[in-house]
Amino acid sequence: MSKATIVVGLDGSEAGARALAFAQSQAKQIGDCSVTVCYVIEWSPFTFQTKEENEQRHKRREEELQRAHEVVLDPAVSDVQAQGIEVEGIVRHGDAADILEEVAKKRGAHQIVVGRVGERGLKRLFGGVTGRLVAGSSVPVTIIP
Amino acid sequence: MNKLFTIFMAACASLLPGLAAAQEATGLDERINQIFADYTGWYVSFIFAPLPGTNFSWIALWLVVGALVFTVYFGAIQLKGFWHSIQLVRGDYSDPNDAGEVSHFQALATALSGTVGLGNIAGVAVAVSIGGPGATFWMVVAGLFGMATKFTECTLGVKYRNEYPDGHVSGGPMYYITKGFSERGLPLGGFMAVLFSIFTILGALGGGNMFQANQAHAQLAGVLGDYPGWITGVVLAGVTFAVIAGGLKSIARVTEKIVPFMGIFYVLVSILILLINWDMIGWAFGQIFMGAFTGLGVVGGFTGALIQGFRRAAFSNEAGIGSAAIAHSAVRTKEPVTEGYVALLEPFIDTVVICTMTALVIVISGVLNQDPATGLYIWNEEAGRIATEGDVSGVALTSAAYARAFSWFPILLMVAVVLFAFSTMISWSYYGLKAWTYLFGEGAMKELVFKIIFCLFIVIGAAASLGPVIDFSDAMLFSMAIVNIIALYFLMPIVKRELNSYVARLRSGEIVKHK
């Protein structure tokens with residue numbers, strides 16, 4: 001079997017950090033295992049925008065990507081690297097559940113690790129990101145409380 | 001923001017006494033009208049002049065002939081490419097690596113919010129009451145052909161837009177006229193672009209602003225009872241200024257989100273009314289088809305129906321005016337043709353779907369008086385249209401037709417009209433601004449000057465009944481179409497080349513589906 005991969009979903013929160021820590025310890029135990037750190041910027045192509053928003057969109061997107069790298073992804077990647085684990089960092093726009101699943105599938109990952117975000121109200125009713133991820137994932141999902 | 005607002009309110013305050021005085025004495029009102037009529041009347045008469053021996057204005061023919069030429073030249077792209085357009089909007093061909101950029105759906109929705117509005121509600125009522133139900137048929141025909149015009153202008157809009165180092169974009173006819181003409185070695189590109197920009201600024205202040213403010217006030221006063229127009233004007237201007245200059249983006253966002261739902265709700269209510277009266281739909285279509293070729297008692301008969309249909313379609317979907325090309329150019333696609341495909345859905349949604357709904361409901365409701373013996377419509381000589389229930393026309397006629405089914409509808413329609421007018425004004429402030437910056441260059445101060453002028457015109461539009469001024473601005477809107485369509489004729493070979501290359505790569509499998 002080829003090298004094992006764990007995909008970790010980050011959201012810049014405490015729970016995300018716990019998920020990352022868990023993935024690191026798992027990777028170490030497995031031995032020959034790489035970690036793919038994934039940060040998704042929530043975005044949908046089916047929203048209604050103003051003309052100015054459209055005009056500025058490309059600029060905003062670049063800023064969002066840069067910020068995601070600076071604040072969340074790059075620190076996480078260097079953190080994993082420091083542990084001597086092979087790591088890859090991904091930032092994408094879209095629906096977090098869809099993208100985590102897609103990344104895991106493409107990399108042939110053997111599990112996805114995400115932190116549990118306390119969701120209230122409507123989001124809980126309709127199932128937040130973690131709920132939809134569990135419902136649709138093709139690989140095992142570990143949720144870190 | 002506060003400073004800006006103070007400047008604006010001061011400007012408003014300085015204008016108010018004049019307006020109030022104008023309303024009381026009507027002296028200033030009349031003087032402005034007179035000055036405008038004297039200096040611009042000849043131009044307005046020229047633009048709306050009928051073809052010799054008919055009452056068919058040549059400008060409507062200009063738009064329809066243009067649409068026909070593009071339809072033939074691109075091999076009925078609106079039929080052949082319809083399904084591909086829908087696939088593009090669904091995102092089937094969107095590269096996942098481009099996620100986060102403006103999607104085709106977003107560009108379409110944004111452009112539609114500028115066109116779906118009073119034209120679909122008031123314009124259709126005018127067309128049907130003057131041209132009879134048959135006008136609907138010709139409106140749909142004009143809408144179907146107009147799809148090819150939108151395809152052409154929006155492809156060019158994306159192809160020749162300006163991209164600035166900081167990543168923002170500016171596009172539209174003024175950019176494709178200058179760049180496209182110099183690319184083809186044609187003269188006068190710069191001159192035509194400047195001309196187009198001037199027409200756009202004046203059209204934005206008139207049809208895209210004063211007319212909207214005026215109609216919004218008329219609808220509010222109709223439902224709530226009469227009150228001075230400047231109150232509506234100042235409130236609308238204040239909110240608009242806060243949005244376009246003050247960075248109160250939240251209002252713009254809320255509007256952009258409510259307006260599409262208003263549009264969808266309007267269509268749903270229409271469908272509901274049609275379902276309730278399902279047994280009359282066949283009859284209504286019969287009236288539309290018969291009226292299209294006989295007139296059914298309408299003065300002018302068959303041509304009367306045709307003229308009204310063509311005119312209102314042009315007013316409603318703006319195909320050929322060039323405004324949509326400005327809105328669509330924000331999309332960051334490697335293939336300009338894809339944006340053309342998406343844009344051709346606009347006249348379909350606006351005219352073929354929404355306008356037809358309004359027309360069917362008006363016909364079915366029976367607000368148009370018909371002679372039961374002959375089946376012909378009764379002509380009101382004095383008003384120059386079919387006699388209607390309650391003797392109303394425009395928005396009020398649509399309102400009356402829908403009220404037959406749902407008594408609460410006029411209140412909903414009032415909210416819809418004000419919101420549609422507001423979103424059309426925001427859209428046109430953007431189009432006007434793009435023309436302004438094309439002429440004077442980009443810069444915060446220069447842009448602010450235009451925004452202040454724009455908002456002052458809202459107050460004027462709502463407060464005064466400046467007929468000649470509004471006629472003039474309508475003429476400007478159509479002047480945009482003269483310059484734009486001439487340019488499209490010269491530039492259509494470029495679009496053809498883009499289209500052929502795109503279709504070839506689509507067939508060869510070089511362009512792949514991502515979903």
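The model you have open is a predicted one.

**Stop 1: a loop in chain B**

Start by selecting B:Lys334. You will find B:Lys334 in the loop between helix H15 (323-328) and helix H16 (336-343) of chain B. Is B:Lys334 buried or exposed? B:Lys334 has 8 within 10 Å, so it is exposed.

**Stop 2: the whole of chain B**

Zoom out and colour chain B by secondary structure. There are 21 helices and four strands to find. The C-alpha atoms fill a box of roughly 65 × 55 × 45 Å along the principal axes. A compact globule of 515 residues would have a radius of gyration near 24 Å, and chain B agrees with this because its own value is 23 Å. If you colour by burial, 55% of the 515 residues of chain B count as buried. Among contacts in chain B between residues at least 6 apart in sequence, 80% join residues at least 24 apart.

**Stop 3: two helices packed together**

Next, select helix H10 (residues 189-224) and helix H21 (residues 467-508) of chain B. Two packed helices are described by the angle between their axes and the distance between the axes. Here the angle is about 140° and the axes of H10(B) and H21(B) are 7 Å apart. The crossing of H10(B) and H21(B) is left-handed. Show the side chains at this contact, and you will see 16 nonpolar residues, eight polar and one charged.

**Stop 4: helix H20 of chain B**

Move on to helix H20 (residues 444-463) of chain B. The end C-alpha atoms of H20(B) are 29 Å apart, which agrees with the 28 Å that its 20 residues should span at 1.5 Å a residue. Highlight the buried residues of H20(B), among them B:Phe450, B:Lys451, B:Phe454 and B:Cys455. Further along H20(B), the buried set also includes B:Gly461, B:Ala462 and B:Ala463.

**Stop 5: where the chains meet**

Bring chain A into view and select the contact between the chains. Chain B gives 26 residues to this contact and chain A gives 21. On the side of chain B that touches chain A, helix H6 (104-115), helix H12 (249-276) and helix H19 (409-440) each supply at least two residues. That side of chain B has 11 nonpolar, nine polar and six charged residues.

**Stop 6: chain A**

With 145 residues, a compact globule would have a radius of gyration near 15 Å, and the 16 Å of chain A agrees. Of those 145 residues, 37% count as buried.

**Stop 7: helix H1 of chain A**

Finish with helix H1 (residues 14-30) of chain A, whose 17 residues reach 25 Å from first C-alpha to last, close to the 24 Å expected. Which residues of H1(A) are buried? Select A:Ala15, A:Gly16, A:Ala19, A:Leu20, A:Ala23, A:Gln24 and A:Ala27 to see them. Their packing partners in chain A include strand S1 (4-10), strand S2 (33-42) and helix H2 (51-82). Just after H1(A), click on A:Gly31, which takes a positive phi of about 100°.

Definitions and conventions: Residues numbered from 1 in each chain as written. Chains lettered and ligands numbered in written order. Predicted model: local features only at pLDDT ≥ 70, side-chain atom pairs only at ≥ 80, totals over all residues. Expected span 1.5 Å × (residues − 1). Buried ≥ 20, exposed ≤ 12 C-beta atoms within 10 Å, placed from the backbone. Contact = placed C-beta atoms within 7 Å. Rg over C-alpha atoms; globule rule 2.2 N^0.38 Å. Nonpolar A, V, L, I, M, F, W, Y, C, P; charged D, E, K, R; others polar. Axes fitted to C-alpha atoms, helices over the stretch in contact; angles between N-to-C directions. Left-handed = near helix turned anticlockwise from the far one by under 90°.
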